[in-house]
Amino acid sequence: MGFLEIFIMGVGLSFDAMAAAISLGVCSGEKMRLGEGLEISTFFGFFQALMPLIGYALGRSMASLLKPYDHWIALILLGLIGFNMLREGFTGLRHPEAPNCPVEGLSLQRLLLLSVATSIDALAAGLSLAFSDGLSILPAVLLIGMTTFTLSLAGAFLGKKLSQRFQYSSRVLGGLILIALGLKIFIEHMIKAI
């Protein structure tokens, strides 16, 4: 597998993280600064690089144990976070005098959950990399991580712009994105199983 194929894999794996970064940018809104955007993108980039490395190291046996459940894990984690954002957004729409975001700054718990949930597919990607002859895994996972970092940073600031423009309705949109993302992962895996 060459540079182009790994880059394309990295872009594909990054879309989930980018969508989640958009929703975090929406929640942070105008309070988000460059440091927070870098924190978001670093978490997503790190986990998108770590999971293929774990998949590569564990090989076929461990990945085959997790594979039947990875879509359920992603659906539950993204669904819970998305429903919470919907609740926050609808509360803000009903009570606009409430603070713009109930959690000051970024929640480490939310960031960790989203990073893990959006990187579960990367575990399976790491398994596929384990079967590539002549592949050096460290440059491959670094490329995947850097791609995710870049797209997540762009996503976080896109979410910030949406939040400044649409306030609480953009938080509802962010929650819907996360729920849709969890459903997408779940449906894709269920279709593959048929």
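Biologist: How many aromatic pairs does the structure hold?
Modeller: This is a predicted model. Rings count as a pair if their centres lie within 6.5 Å. By that rule, the number of aromatic pairs in the structure is 2.

Biologist: Is the pair of F3 and F7 stacked or edge-to-face?
Modeller: The ring centres of F3 and F7 lie 6.4 Å apart, with 10° between the planes. Planes under 30 degrees apart count as stacked, and those over 60 as edge-to-face. The pair of F3 and F7 is therefore stacked.

Biologist: What separates F3 and F7 along helix α1?
Modeller: Helix α1 covers residues 3-28, and F3 and F7 both belong to this helix. They are 4 residues apart in it, so the separation is about one helical turn.

Biologist: Does F3 count as buried or exposed?
Modeller: The relative accessibility of F3 is 62%. The cut-off for exposed is over 50%, so F3 counts as exposed. For F3, the class is exposed.

Biologist: Is the pair of F46 and F47 stacked or edge-to-face?
Modeller: Between F46 and F47 the distance is 5.4 Å centre to centre, and the planes make an angle of 85°. An angle over 60 degrees counts as edge-to-face. F47 itself is buried, at 14% relative accessibility. The pair of F46 and F47 is edge-to-face.

Biologist: Which helix supplies the largest share of the lining of the largest pocket?
Modeller: The largest pocket holds about 160 Å³ of space. Its lining has 11 residues, and those closest to the centre are L13, D121, E188, H189 and K192. At least two lining residues come from each of α1, α3 (108-130) and α5 (168-193). The largest share, 4 residues, comes from α5.

Biologist: How many residues in the lining of the largest pocket are charged?
Modeller: Asp, Glu, Lys and Arg count as charged. Sorted by class, the lining has 3 nonpolar and 2 polar residues, and the number of charged residues is 6.

Biologist: Which element gives the most to the largest nonpolar core?
Modeller: This core has 19 residues, and L24, I40, F44, L78, L114 and L178 have the most contacts inside it. Two or more residues come from each of α1, α2 (34-94), α3 and α5. With 6 residues, the element that gives the most is α2.

Biologist: How many residues are in the other core, which lies apart from the largest one?
Modeller: In soluble globular proteins, nonpolar side chains tend to be buried together. The other core includes A125, L135, L143 and I144. Its number of residues is 15.

Technical notes:
Residues are numbered from 1 along each chain as its sequence is written. This is a predicted model: local features need pLDDT of at least 70, side-chain atom pairs count only at pLDDT 80 or more; totals for chains, interfaces and linings use all residues. Side-chain values use heavy atoms; hydrogens and water are left out. Rings of Phe, Tyr and Trp (its six-membered ring) pair if their centres lie within 6.5 Å; planes under 30 degrees apart count as stacked, over 60 as edge-to-face and the rest as tilted. Buried means under 20% relative accessible area, exposed over 50%, partly exposed in between (1.4 Å probe, protein chains only). On a 1 Å grid over the protein atoms alone, a cavity is a set of points where a 1.4 Å probe fits but cannot get out, and a pocket is an open set with protein on both sides within 12 Å along at least five of seven lines; lining residues have an atom within 4 Å of a point. Grid points are joined across faces, edges and corners, and a volume is the space filled by probe spheres set on the points. A nonpolar core is a set of buried Ala, Val, Leu, Ile, Met, Phe, Trp, Tyr and Cys residues joined through side-chain atoms within 4.5 Å.
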